[in-house]
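Please work through each task with the sequence and the model in view before reading its solution.

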Amino acid sequence: MKGKGWQFLACALLLLPWVRILPAQTVPYQRPVETAPQPDSIGGGYRIPVVQKPLPRAYWLQILDVALLAAAMGVSIWLVLARRSRKWLVGLSIASLAYFGFYREGCICPIGSIQNVTVALIDPKYSIPIVVTATFILPLVAALFFGRAFCGGVCALGAIQELVVIRPVQVPRRLDRALGLLKYVYLGLAIAYAVKPALIRNFLICRFDPFVGIFRRTGPPHMLIIGGLFLAAGMFVGRPYCRWLCPYGGLLAWCTRLARRGVTITPGPELDCGLCIDACPYGAIEKMRAVGRNCLYCARCYDSCPKHRQLVRIS
Amino acid sequence: MSRRRGAWIAGSMVALCVAILLADYIVASPKSTTAARLARKSRDNVVAWVLIAGAGAFLVCAKSAWGRVSYAPRAGRSSPQPPYQTVAGYQPAPPPAELDLAFIEEAIARLGRGKESTIPLLQAIQSHYRYLPDDALRRLCELTDITPAEIAGTSSFYARFRRSPAGEHIVRVCHGTACHVSGARQITDELRRYLAIPGGADTDPARRFTLDEVACLGCCSLAPVLMVDGRPAGKLTPASACAALRELS
């Protein structure tokens, strides 16, 4: 499967549906007023008051968000694959958490954009800005070539979990694999709820996002508590949401199967010490080789490698 | 020690903030907007920021206090023997055919049977059989004045002579200075695994490839470089070395 042309083919396949929904990018927003009481039926000379809408974010700022997303992914790829620097990657994670998490309050994010994109593909009346489309596509394209670079140091949900890891335990591989199937169930549920008719449509991923309440410092109390529990568990189990629940992680894992460049473990007989296996909290190294679809680009394997440290000191 | 104290202090701060927020949530009356409720709300916002800062401080302290695991190589973990894939289309080597020793007599007739002919004779045998078979050497001792000790000495002294059968293709990995510093060792190791060459041997069990570490191939600008039967491949990585092997063989 890892042939040379496959990624480009997959890229084209990814971009193909957008030809159809490009017109949808310009559908103006309209309230679904058919269901509300109309002035005629209310009577008494009632007039609909002018609806006050919050001003949308300036367009160039939206473009800036996408540019920053792309730039952060580029930096993540460079730091992990070329510099192999865990230290700087942590710095990038903090920066992403601050910007995409606390400043942009967890929105716009590729994980939630799955639903917007699905609805845009199904419902011709649904408007989706090109910015959302780009946010959805960019990490997938990066995954086609380099693996899950988005997960490491860019995704705010990933970053907050990455930073709380203190003393991770190795989850038994079979359990890990079984729990990993949950994310596909979640993906299916999210799509199933998103394609329902407009009035009973429900964006499950956003509603049950465990960390967005923390980014906004407000939210439904039960979600805040669940988010807190996720972070508390995340101190001992590496990134539970990313590995087992994140629906976008499932899509990225699929794309990563085609990736030819990603995190690799260079073998050497004097070096098959397995330190990187012990250091990987995500069970992404099997038989001394990195498994791209599980690798979350944290660079811990490089950080733990005695030979690598020696090389870095020399050069 | 102070790190741990810091972690405990920050941790209890986090716990306190969580307790305040939970208490506010429990006593809150969502029905009416009173001055007290607004005050509580603005206080909660501050508490939330303190909580986030406290959590950050807790993480920094806790990571340096408890997070450093001194990983040591495990005693039981041996070099992995995963199913490293070998080159596709492998067939086990056919059992070595009965040596045709007539060549020895022909070579002796041509090159002479004195001690001075040792090296020419060994060269002739090597170029005929591609290595020095023990049977051929024994026959050589019988037919000439050369003693087994001399043959052993000569054949083990010169690196060009080999006493074990060679593979179908000879892979020469350059270990010259330029290649050495750019990772010839890693490439050799990766090729050994890829071809499943056991430790101590230089030829894979199916005798398709013989891996030879040579001093210099003379194209340092291409380092690290290897040569498969005289065809070179340069600027290698462990992964591309395996690919080059597939292409050139």
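## Exercise 1: the lining of the largest cavity

In this predicted model, the lining of the largest cavity comprises, by class, 13 nonpolar, two polar and one charged residues.

Task: Determine how much space lies in the largest cavity, which residues are closest to its centre, and which elements give two or more residues to its lining.

Solution. Begin with the count of cavities: the structure holds four of 30 Å³ or more. The largest of them contains about 140 Å³ of space. Of the 16 residues that line this largest cavity, Leu69(A), Phe100(A), Ile108(A), Cys109(A) and Pro110(A) are the closest to its centre. The elements that contribute two or more residues to the lining are helix H4 (59-83), helix H6 (110-122) and helix H8 (156-164) of chain A, and H4(A) gives the most, with three residues.

## Exercise 2: the second largest cavity

Task: Describe the second largest cavity by its volume, by the residues nearest its centre and by the classes found in its lining.

Solution. The volume comes to about 100 Å³. The lining consists of 13 residues, and those nearest the centre are Cys280(A), Ala284(A), Cys295(A), Cys298(A) and Cys301(A). Sorted by class, the lining of this second largest cavity has twelve nonpolar and one charged residues, with no polar ones.

## Exercise 3: the make-up of chain B

Task: Summarise the secondary structure of chain B, its order of elements, its burial and its contacts.

Solution. Chain B has nine helices and four strands, which follow one another from the N terminus as α-α-α-α-α-α-β-α-α-β-β-β-α. Of its 249 residues, 37% count as buried. Among contacts in chain B with a separation of 6 or more, 66% are between residues 24 or more positions apart. As for the surface, chain B exposes about 14,600 Å², of which carbon and sulfur atoms supply 60%.

Technical notes
Residues are numbered from 1 along each chain as its sequence is written. Chains are lettered from A and ligands numbered from 1 in the order in which they are written. This is a predicted model: local features need pLDDT of at least 70, side-chain atom pairs count only at pLDDT 80 or more; totals for chains, interfaces and linings use all residues. Side-chain values use heavy atoms; hydrogens and water are left out. On a 1 Å grid over the protein atoms alone, a cavity is a set of points where a 1.4 Å probe fits but cannot get out, and a pocket is an open set with protein on both sides within 12 Å along at least five of seven lines; lining residues have an atom within 4 Å of a point. Grid points are joined across faces, edges and corners, and a volume is the space filled by probe spheres set on the points. Ala, Val, Leu, Ile, Met, Phe, Trp, Tyr, Cys and Pro count as nonpolar, Asp, Glu, Lys and Arg as charged, and the others, Gly among them, as polar. Buried means under 20% relative accessible area, exposed over 50%, partly exposed in between (1.4 Å probe, protein chains only). Contact means heavy atoms within 4.5 Å. Accessible areas come from the Shrake-Rupley method with a 1.4 Å probe; for residues, only the protein chains shown count as cover.
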